[in-house]
Amino acid sequence: MRGVKESQPGGGNEPCASCLVQPCYAYEVHSLRFRYQSTESSSRPWILDDISFQVSQGEVLGIVGPNGSGKTSLLKLLARLASPQQGGITLFERDLTEMGQDEIARIVGVVPQDTPQLFPFTVAETVLMGRFPHRPRNRWGNGFGWESGEDMAIAEDAMRTMDVAHLAQRAVTDLSGGERQRTMIARALAQTPNVMLLDEPTAFLDLQHQVEIGSVLCRLKEERGLTVVLISHDLNLVSQYCDRLLLLAEGQVVRLGTPDEVIEPLVLEQVYQCQVLIDRHPTSGVPRVTLPGRKSTGNK
Amino acid sequence: MKLPSATGSPRSCADRLSHEQGSAPPARGSVVQGAILTRSRLILILGLLSLTAVVVSLMCLHFGAQSIAYGEIFRVLMGVMTVDQIEAGGGSADITRTILLQIRLPRVLLGFLVGCSLASVGVVLQALLRNPLADPYVLGVSSGAALGAAVGVLFGAGTTFLAEAALPACGFAGGIVALVIVYRMATNSERLPIHSLLLTGVILNAIFSALIMFITSILDPNRSYGMMAWLMGTLTSPTYSGLVGVLVYLSISLILLFGQVRALNILALGEDAARSLGVDTERAKRSIFILTALITGAVVSVSGMIGFIGMVVPHAVRLAIGADHRLLFPASALVGGTFLMGADTMARTLIAPTEVPVGIITALVGGPFFVYLLLWRKDRLA
């Protein structure tokens, strides 16, 4: 339709004026404490206890840690799907609590953990839902919301990026886990976000699509300065694609740093309570984690 | 055209992060265009369904204890175009005219309205609770409304079930209590298994029914007989002034509910996903709750507990035309209205002159469908 092929002077990578003076953070998290509200008078334990960190603009941050360490809760707080009891979060230097949910939705795209879909929306309809925060609405509700040509073009690009364009007419209820996951990521991409929050984006994906998602996120980071925060249990994957890792255990930050600094035998053994072997990836040189095999029986 | 960016942040980098959407292949968007609801599809489907509704309503006017020829129906309907003339028809010696205008037409219209409302409420509850089995009857909202209305009757509201405005209000109160209980059960834990939600409905139905039975048993026999018939779900021939009242009330509520279709589409993804897309879920939920309770309360006070339309109709329509609520909502309303008109005509004619409560017909159609869904479509119910 019109104006889709907008060209930007200077491109998206050039730092803005304020970034030249000081580094620009997508997220700043100050001494965050969070627990789920309980109806009883007895207070529940803190899910997240005194967490502080920053995420730079254009960074890929991986959140790792054992089950129940508070990873998903942290991601929910970053998306403002839950509110912390103490501490604060700023998104591009603005207090998250002062922003409207739809304003946040234009900046932050969220891909939740895989949820089964019950209603037969087509893949195209699902991806187009990502355009919702950008569509005009009036005070009588959300309006009828016919999609504009621009919306459709953006949705189609997102679908091509995530390799689901050929599924456009299929119902999301009929997709495999991996196809559904890619559809949900495409939906978040259609939001044209500056920040993407992903909860185990590769959990249902085969090797090819795991690699693809990793490289797509890196490409978007390079091309658009996209900031990515993702949760994963796959230490090798995050080691490969993340600039920094945040290792959580029992609601506290155990370590925050480059994969080299975080993926260390002693740290992991202490946190995961099991032995691991760590060596180097043969081509990229990032740390590689291997589970200890069974002892060789010696009949070689 | 400016592509979206984080505008409004005064000095952040975000302003500079507006996105280019990569290289542009020809005819971008055409893949999407072919797989979504378009205006022409919406108009075509709704047009066809409206036409069907008109045809079925004429058939419903035709059938009865005494059939009325279609030519006669047209003659009478063309002859009277204002309410005054219709009311005046009652006095004329033309018996066909009287049957048609005083008995069948208002009842067919009421059936259509009630069917529309029940199906619409079903669509909305299914999306909100993310549960394709949700229906005001199954979830106990109808019995809540019925209990409210029964309490109203006990304290003397309305000698006929339509005449008094107090009854819909009592129905609304009962309905919203039931809805809030169901919703709290449904959302208390992160993901409540579908069977637990149904169980909530069963329990609510049992409690409310017991209370209704209690009220029925302490009423005098005449009124308690009327109440029993009403509880089974019965359409009667309302007066035109009553019909207009119901029409206005339900139309306004349904139009307001229709304003939520876009939010409903997103809510079907799940509440967290909807919030992360910028839907004000609390506000949407509040308006949807109040409106569904208002509609159910009114419908129940007019026609008693007519079950399963709210579950069966949206389900069938969704299978046929897809899940987009912008089409699903009005299409289900039309199909629900048409279905209930037909079912009520069956109720009137099956063993005429005795009437079967129409709630029995809908339950006989809907019950087996419900079992089918539970047994053979389990995979879809997560």
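1. Conventions. The model is predicted: local features need pLDDT of at least 70, side-chain atom pairs count only at pLDDT 80 or more, and totals for chains, interfaces and linings use all residues. Residues are numbered from 1 along each chain as its sequence is written, chains are lettered from A and ligands numbered from 1 in the order in which they are written, and side-chain values use heavy atoms, with hydrogens and water left out.

2. Confidence in chain A. Mean pLDDT is 82 in chain A, with 85% of residues at 70 or more; pLDDT is the predictor's confidence in each residue, from 0 to 100. Residues 1-15 of chain A fall below 50, and this stretch has 26 contacts in the model beyond near neighbours in sequence. Contact means heavy atoms within 4.5 Å. Where pLDDT is low, the predicted coordinates should not be read in detail.

3. Make-up of chain A. Chain A has ten helices and twelve strands. Both are DSSP runs numbered from the N terminus: helices are H or I, at least four residues, and strands are E, at least two. Of its 300 residues, 54% are buried. Buried means under 20% relative accessible area, exposed over 50%, partly exposed in between (1.4 Å probe, protein chains only). For contacts in chain A between residues at least 6 apart in sequence, 66% join residues at least 24 apart.

4. Make-up of chain B. Chain B has 16 helices and zero strands. Buried residues account for 55% of its 382 residues. Of the chain B contacts between residues at least 6 apart in sequence, 74% link residues at least 24 apart.

5. A helix pair in chain B. Helix α2 (residues 39-62) of chain B packs on helix α5 (residues 95-128) of chain B at about 140 degrees, with axes 10 Å apart. Axes are lines fitted to C-alpha atoms, for helices over the stretch in contact, and angles run from 0 to 180 degrees between N-to-C directions. α2(B) is therefore oblique to α5(B); angles under 35 degrees count as roughly parallel, over 145 as roughly antiparallel, 65 to 115 as roughly perpendicular and the rest as oblique.

6. The residues between them. α2(B) contributes Ala53(B), Ser57(B), Cys60(B), Leu61(B) and His62(B). α5(B) contributes Leu100(B), Arg104(B), Leu105(B), Val108(B) and Phe112(B).

7. Ser142(B). Ser142(B) sits in helix α6 (residues 141-154) of chain B. Ser142(B) is buried, at 2% relative accessible area. Leaving out residues up to four places away in sequence, Ser142(B) touches Pro136(B), Tyr137(B), Thr296(B), Val300(B) and Met305(B).
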